[in-house]
Amino acid sequence: ESFDRERAKLLKVCGDCHSENFAKAEIGKGDQMIKETDRLLAEGIRIIAGLYKDGFLKRPPGYAYDFPDLLAFHDAPTAIEQRLFVMHLEHRMRAFQGTFHANPDYALWYGWSEMRRDLTEIQEMATELRRTHGAKKPS
C-alpha cells in the first residue's frame, strides 16, 4: 500500500513535465534495472554463503551467522566480502541512481558493468579459494 502511494507521488511529480505513459514506462525501466542488479547481487551472496557453508570461510567474531554480512561494510573480513560490499553499496547504487535520474550511460558504465565485473571477481576468488584450500579439506 505505501509502495503504491509512493509510486503515485512519483508519477505526479513526473507528470508535471511528462505524459503519464512516459513516466510509467521510465519507472518500469528503473524497476527492471533494480531487479536485474539484485539478481547479480544475490548471485554474489550465494557464492560467498556457499564458501561459509562448505567451511572455506569461517565466521568472524561479531557475525551472527556463517553467512556474508552486508552490514559489515568496510569491516568485512575477507577480500571476497569486500568486493561484495563494493558491489552492494557502490555499484548497485550507481545503477539505481543513473536509471532513476535518466542517465543510462552512468547506470550502465558505473553501475551495471561494474556489478558484472564484481561478480566475475567474486566467482574467480571463490574458485581460487576452493582450489587452494580444497586439498587441505577445511574443518
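Reply: The expected span of a helix is 1.5 Å times one less than its number of residues. Keep that rule at hand. The model here is predicted.

Me: How far apart should the ends of H3 be, and how far apart are they?

Reply: H3 has 22 residues, so it should span 32 Å at 1.5 Å a residue. The end C-alpha atoms of H3 are 31 Å apart, which agrees.

Me: Where is the kink in H3 centred?

Reply: On Met 87, with an angle of about 35 degrees. Past the end of H3 comes Ala 102, where phi is positive, near 55 degrees.

Me: How does H4 compare with its expected span?

Reply: H4 has 31 residues, and 45 Å is expected. From first C-alpha to last, H4 reaches 42 Å, close to that value. H4 also bends, by about 30 degrees at Glu 114.

Me: Why does Ile 122 count as buried?

Reply: Ile 122 has a relative accessible area of 0%, so it is buried. Outside four places in sequence, Ile 122 contacts Gly 44, Ile 47, Ile 48, Ile 80, Arg 83, Leu 84 and Met 87. Check one C-alpha pair as well: Ile 122 and Glu 81 are 41 residues apart in sequence but 8.4 Å apart in space.

Me: How many residues does the largest nonpolar core have?

Reply: It has 20. Ile 48, Leu 51, Leu 57, Ile 80, Leu 84, Met 87 and Ile 122 have the most contacts inside this core. Helices H2 (20-53), H3 (79-100) and H4 (104-134) each supply at least two of its residues. H2 gives the most, seven residues.

Me: What does Leu 57 contact, leaving aside neighbours within four places in sequence?

Reply: Leu 57 meets Ile 48, Leu 51, Tyr 52, Thr 78, Ile 80, Glu 81 and Leu 129.

Me: How many cavities of 30 Å³ or more does the structure hold?

Reply: One. The largest cavity has a volume of about 40 Å³. Its lining is Pro 68, Asp 69, Leu 70, Ala 72, Phe 73, Ala 76, Glu 81, Leu 84 and Phe 85. Note Leu 84: this residue is also listed among those with the most contacts inside the largest core.

Me: And the largest pocket: how much space lies in it, and which residues lie nearest its centre?

Reply: About 360 Å³ of space. The lining has 19 residues, with Glu 26, Thr 99, Phe 100, His 101 and Ala 102 nearest the centre. Ala 102 is the residue with positive phi after H3.

Me: Which helices supply the lining of that pocket?

Reply: Helix H1 (2-14), H2, H3 and H4 each give at least two residues. H2 gives the most to this lining, with seven residues.

Methods: Residues are numbered from 1 along each chain as its sequence is written. This is a predicted model: local features need pLDDT of at least 70, side-chain atom pairs count only at pLDDT 80 or more; totals for chains, interfaces and linings use all residues. Side-chain values use heavy atoms; hydrogens and water are left out. A nonpolar core is a set of buried Ala, Val, Leu, Ile, Met, Phe, Trp, Tyr and Cys residues joined through side-chain atoms within 4.5 Å. Buried means under 20% relative accessible area, exposed over 50%, partly exposed in between (1.4 Å probe, protein chains only). Helices (H or I, at least four residues) and strands (E, at least two) are DSSP runs, numbered from the N terminus. Contact means heavy atoms within 4.5 Å. The bend at a residue is the angle between axes fitted to the seven residues ending there and the seven starting there. On a 1 Å grid over the protein atoms alone, a cavity is a set of points where a 1.4 Å probe fits but cannot get out, and a pocket is an open set with protein on both sides within 12 Å along at least five of seven lines; lining residues have an atom within 4 Å of a point. Grid points are joined across faces, edges and corners, and a volume is the space filled by probe spheres set on the points.
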